[in-house]
Amino acid sequence: MQRIPEEKIDEIRSQVDIVDVVGNYVQLKKQGRNYTGLCPFHGEKTPSFSVSPEKQIFHCFGCGKGGNVFSFLMQIDGLSFVESVKKVADLAHIPLDVAISQGDSSPGNKPDSQESKMIEIHQLASKLYHYLLMETEEGQEALQYLLDRGMSEQELDHFEIGFAPAHASTVTTFLKKREVDLALAVESGLLTERDDGEVVDRFRNRIIFPIKNDRGQLVGFSGRLFNQEDGPKYLNSPETPIFNKRNILYHFSDARQEIRKKEEILLLEGYMDVISSVSATFSNGVASMGTSLTEEHVQMIRRVTNRAIICYDGDRAGIEASFKAGTMLAEQHRLEVFVLQLPNGKDPDDFIRSEGAEKFAEIYTHQRLTWTAFKLQFFKRNRNLQNETDKIAYLGEALAEIGKLDQAVERELYLKQLGSEFDLSMEALKQQLQQTVVVKPKPHDYGGPPPESYGEYPSYEGDGGPVYEQFSFAQPSGVPSAGLTSEKRLLKYMLEDRDAFIQIRNLLEEHQTDFYHDNYKALYTHLIGFYASGNDANPLALMDQLKDDMARNLVSELEMMTVNTDVSIEEYQDYVQSLTKSSIERDIKEKEQALLTATQQGDIPAALELARTITTMRATMKNTPS
């Protein structure tokens, strides 16, 4: 067993930009020297998550999480330290020519979990399903069905489409031969247990679509009927520890990079729609797992883009699903939404296969409807516009929507369309609009008072635009004491300069004082050990050795601080004296409380002694420089 040498870890870390890695999970925007976005670790409406390309760290000023590129992947993907190093090495195209066992004792490493074993079982089954489709006589009928639908063998390989035979134990027997824990395979949803206790395949006589989570891990399958047999058209994996339809979007992990590039996501209904859209060079397409869009889906989307293009089926159900999804995205979560309506009610897969990629691209680029335009069309459904009552009701709904628009030009455009369609004057429409207009609250009305800036970051400015377009940091509650500020600054200097560490440590010992807050004291202890091992100042390397998340978060917070770099030993002395003064102040408060108790209990000797002690301490504090 070999561990990854520290030099190799340093090399891997230095070859990847943390902004590129984090940007695969979070939509980042440049702001000053750093990049900001919505934190992926807690729900928020105003971005408090910051990534520093200069420091190669991330930190959330909302939830406090922070670290380097390795710890980010450990937290976001649930990886061990070794696994995160491997992933970063792959991104940097750096070969890891060392053998790493699961028992590796590198910092943060942990043994395989039950969940990771379930994922491995699914990967095995997926390879079997694909082989059965592409290489066996049993899979020939299913393969021909897919080819007849216009799919190419390249597409089948790319999406790893497979086939599950009608036999009850194809996968079960396969896993038995490889000594896989069948009980775990049942728990993972791949197999199922009959009433008599026999374990059999869940998916039989179906085309198989492998399903990955947002981290690219294979966590489930969807099986599609392709002949006339009874049963649901699609059979999905059941809810398991690794599979939940509410937080999975088909193709999301593979589409993430293209979504970031295009700055928009294409929302589709089915697997075949996604596959066809990719073949048409629209690799930003994803689909929900046969369910309506969920809050979890929206949070995934918001982390990578603020714009969604909805292209559901053109039938009644698809149109209603588009309205429901668009309402959630645009009106509840403030995303920019467009809707594609394909001719003749076709779904995207049928349209692309029959009309071609160029025609789809034309509609995608030039015929997309704004969310307001789609809603105006939607409100016409089931209304007889030749009937005066229906016409007036529709105009009321339309004007209410137009009144929500921020831009005067947009309002004018839609009012002209209404005027032309119903032969109404602009004056009459504008007068009616004033009576129905919906007053939009300011962005800060969604989250309390306008947020203030934090540290070096600019404050919120302006009233226009949705909340998510503004990047600012909330002011932490309470004003930090002089002692707390001194602790932070001293630790930051010690983190970034070995000589500063030695000077400050000597001053702390000379004044017989220490850090008061437990997490700061713990980090100071870690620093003592880090430098005693012969290390130079290196906050990123220190983070790799910290097993305590709180300590790692504190390092990232301190690294985000801006302080004077031209600092003298006299300044260190002032901060240490501030710690001493804060310590005396805390002792005085404790003695004053004890004095009150002694007085109430009538213990005069004790009260007199405490009073003398307090007087002496106050004199000492008075003589301690501020």
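Biologist: How many bridges join strand β13 (residues 265-268) to β14, and do the two strands run parallel or antiparallel?

Modeller: The general idea is that strands of a sheet pair through backbone hydrogen bonds, either parallel or antiparallel. In this structure, which is a predicted model, β13 and β14 run parallel and are joined by three bridges. The chain passes from β13 through helix α11 (residues 271-279) to β14, and this β-α-β crossover is right-handed. Residue by residue, L266 stands opposite G285 in β14, while L267 has V286 of β14 as its bridge partner.

Biologist: On β13 there is another neighbour to read; in which sense does β13 pair with strand β15 (residues 307-310), and over how many bridges?

Modeller: β13 and β15 also pair over three bridges, in the parallel sense. Here L266 stands opposite I309 in β15, so that one can follow L266 by eye towards this strand as well.

Biologist: Which strand runs antiparallel to β14, and which residue of β14 is the bridge partner of L249?

Modeller: That strand is β12 (residues 249-250), which two bridges join to β14 in the antiparallel sense. The partner of L249 in β14 is S288.

Biologist: In what order do the strands of this sheet lie, and why is one side of β12 and of β17 left without a neighbour?

Modeller: Six strands form an open sheet with mixed pairing, and their order is β12-β14-β13-β15-β16-β17. β12 and β17 (369-370) stand at the edges with a single partner strand each, so one side of each has no neighbour in the sheet.

Biologist: How should I read the side chains of such strands: which residues of β13 and β14 point one way, which the other way, and are they buried or exposed?

Modeller: In a regular strand the side chains alternate between the two faces of the sheet. In β13, I265 and L267 point one way whereas L266 and L268 point the other way, and all are buried. In strand β14 (residues 285-288), G285 and A287 point one way, V286 and S288 point the other way, and again all are buried.

Biologist: Turning to the four-stranded sheet, what is its strand order, and which strands are at its edges?

Modeller: The order is β6-β9-β10-β11, in an open sheet whose pairing is antiparallel. Its edge strands, β6 (162-164) and β11 (234-236), each pair on one side only. Direction ignored, neighbouring strands of this sheet are turned by 35° against each other on average. Within this sheet, strand β9 (residues 206-212) and strand β10 (residues 218-224) run antiparallel and are joined by six bridges, with G223 in β10 as the bridge partner of I208. Helix α11 packs on the sheet, where it touches β9, β10 and β11, and its direction makes about 70° with that of β9.

Biologist: How is a pair of helices read, and at what angle do the axes of α20 and α24 cross?

Modeller: Two packed helices are described by the angle between their axes and the distance between the axes. The axes of helix α20 (residues 482-496) and helix α24 (residues 549-560) cross at roughly 95° and come within 10 Å. This angle makes α20 roughly perpendicular to α24. From α20, K488, L491, K492, L495 and E496 meet V555, E557, L558 and E559 of α24.

Biologist: Is S578 buried or exposed, and which residues does S578 touch?

Modeller: S578 lies in helix α25 (residues 569-600). Because a residue counts as buried under 20% relative accessible area, S578, with a relative accessible area of 10%, is buried. Leaving aside residues up to four places away in sequence, S578 touches A482, G483 and S486.

Biologist: Finally, how many helices and strands does the protein have, and what percentage of its residues is buried?

Modeller: The protein has 26 helices and 17 strands, and buried residues make up 47% of its 626 residues. Among contacts between residues at least 6 apart in sequence, 65% join residues at least 24 apart.

Technical notes. Residues are numbered from 1 along each chain as its sequence is written. This is a predicted model: local features need pLDDT of at least 70, side-chain atom pairs count only at pLDDT 80 or more; totals for chains, interfaces and linings use all residues. Side-chain values use heavy atoms; hydrogens and water are left out. Buried means under 20% relative accessible area, exposed over 50%, partly exposed in between (1.4 Å probe, protein chains only). Two strands pair if DSSP finds at least two bridges between them. A crossover is right-handed if, with the strands pointing away from the viewer, the path from the first strand over the helix to the second runs clockwise. Contact means heavy atoms within 4.5 Å. Axes are lines fitted to C-alpha atoms, for helices over the stretch in contact, and angles run from 0 to 180 degrees between N-to-C directions. Angles under 35 degrees count as roughly parallel, over 145 as roughly antiparallel, 65 to 115 as roughly perpendicular and the rest as oblique.
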